[in-house]
Amino acid sequence: MSKRLSAEARRESIIEAAKALFAQQGFHGVSIDEIVNKVGVSPAILYRHFKSKEELYQAVLQEFSCTRESYVETVVADDISFEEVLRGMTRVFVNSIVNHPDLLKMEMHSQLKGDQASREFFLNRWKSFTDYIEYNLSELQTQEKIEPINVQAAALMYQGMIREVLLLKCLHPAERLEDMPIDNLVDELIKLFITTIKFKK
Amino acid sequence: MSFDAELDAKGLNCPLPILRAKKAIAELSSGQVLKIVATDPGSVKDFEAFCKQTGNELMSSSEAGGAFEFMIKKS
């Protein structure tokens, strides 16, 4: 292993190696030894950058949140409908997982054996959708533009659909959905969702 | 700093604070100021991007006790 790496590049290489291992084996399934072996450095060097495995895990999450989906562009357009914003947000979110499937794997591990901080981190990503859906559907109901529905159930339904698409497309590609690209699949599901909430003509 | 309207976006995740701010600003006249309070740490970057894209002026952006406060002047 090259010793010429700068401290910053070294830190980055540790995060990269740890990310892949955490994604495969979960937080508890990875030892510091495995990480240092993968990077090709001594434990002392790792501890110079990260005090503990917990701190390293947080640094990996932190890096993902730097690439945090920005929905701003999607929502500033004029006269944009509920459906268009929802589709725009979903595209951004789905692409972030397509580009970083490790994040989805870490989320799955965290669901089973995660600590509170990591569970909150992942929950918070979904909250953008549930907040958006609950708030807007409540408003549309008040304006009598849609039939009365339970908005929390609607938000949950949406989260469930999108999560399942990600699992089937990004983790273990399902054969029966092979012919449908992820963007088409998402568009079809959004269509179904919009039909379900029954906009009044 | 004085303001003409206030938006409480505490507890909400992006993009909802942005969307609600957009609606609130639409009801203001040019030069009027909207105060927004949010708790999503991502809102700091989001409101910067929002103002850049909409041409409204981000007069201030501050943090106190886990809440973020923004003052936006309508262009």
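These questions and answers cover helix and strand packing in a predicted model.

User: How are α9(A) and α10(A) oriented to each other, parallel or antiparallel?
Analyst: Helix α9 (residues 151–171) of chain A and helix α10 (residues 182–196) of chain A have axes that come within 11 Å and cross at roughly 165°. Angles over 145 degrees count as roughly antiparallel. The two helices, α9(A) and α10(A), are therefore roughly antiparallel.

User: How many residues of the contact of α9(A) with α10(A) are nonpolar?
Analyst: On α9(A), the contact includes A:M157, A:M161 and A:L166. On α10(A), A:L185, A:L189 and A:F193 are among the residues taking part. One residue of the contact is polar and one is charged, while the nonpolar residues number 13.

User: Which are the edge strands of the open sheet in chain B?
Analyst: The sheet has four strands with mixed pairing, in the order β1-β2-β4-β3. An edge strand pairs on one side only. In chain B, these are β1 (5–9) and β3 (57–64).

User: What is the bridge partner of B:S61 in β4(B)?
Analyst: β3(B) and strand β4 (residues 67–73) of chain B run antiparallel and are joined by seven bridges. In β4(B), B:S61 has as its bridge partner B:F70.

User: At what angle does helix α2 of chain B run to β4(B)?
Analyst: Helix α1 (residues 16–26) of chain B lies across β1, β2 and β4, at about 165° to β1(B). Helix α2 (residues 43–54) of chain B lies across β2, β3 and β4. Its angle to β4(B) is about 10°.

Key:
Residues numbered from 1 in each chain as written. Chains lettered and ligands numbered in written order. Predicted model: local features only at pLDDT ≥ 70, side-chain atom pairs only at ≥ 80, totals over all residues. Heavy atoms only, no water. Axes fitted to C-alpha atoms, helices over the stretch in contact; angles between N-to-C directions. Parallel < 35°, antiparallel > 145°, perpendicular 65-115°, else oblique. Contact = heavy atoms within 4.5 Å. Nonpolar A, V, L, I, M, F, W, Y, C, P; charged D, E, K, R; others polar. Pairing = 2+ DSSP bridges.
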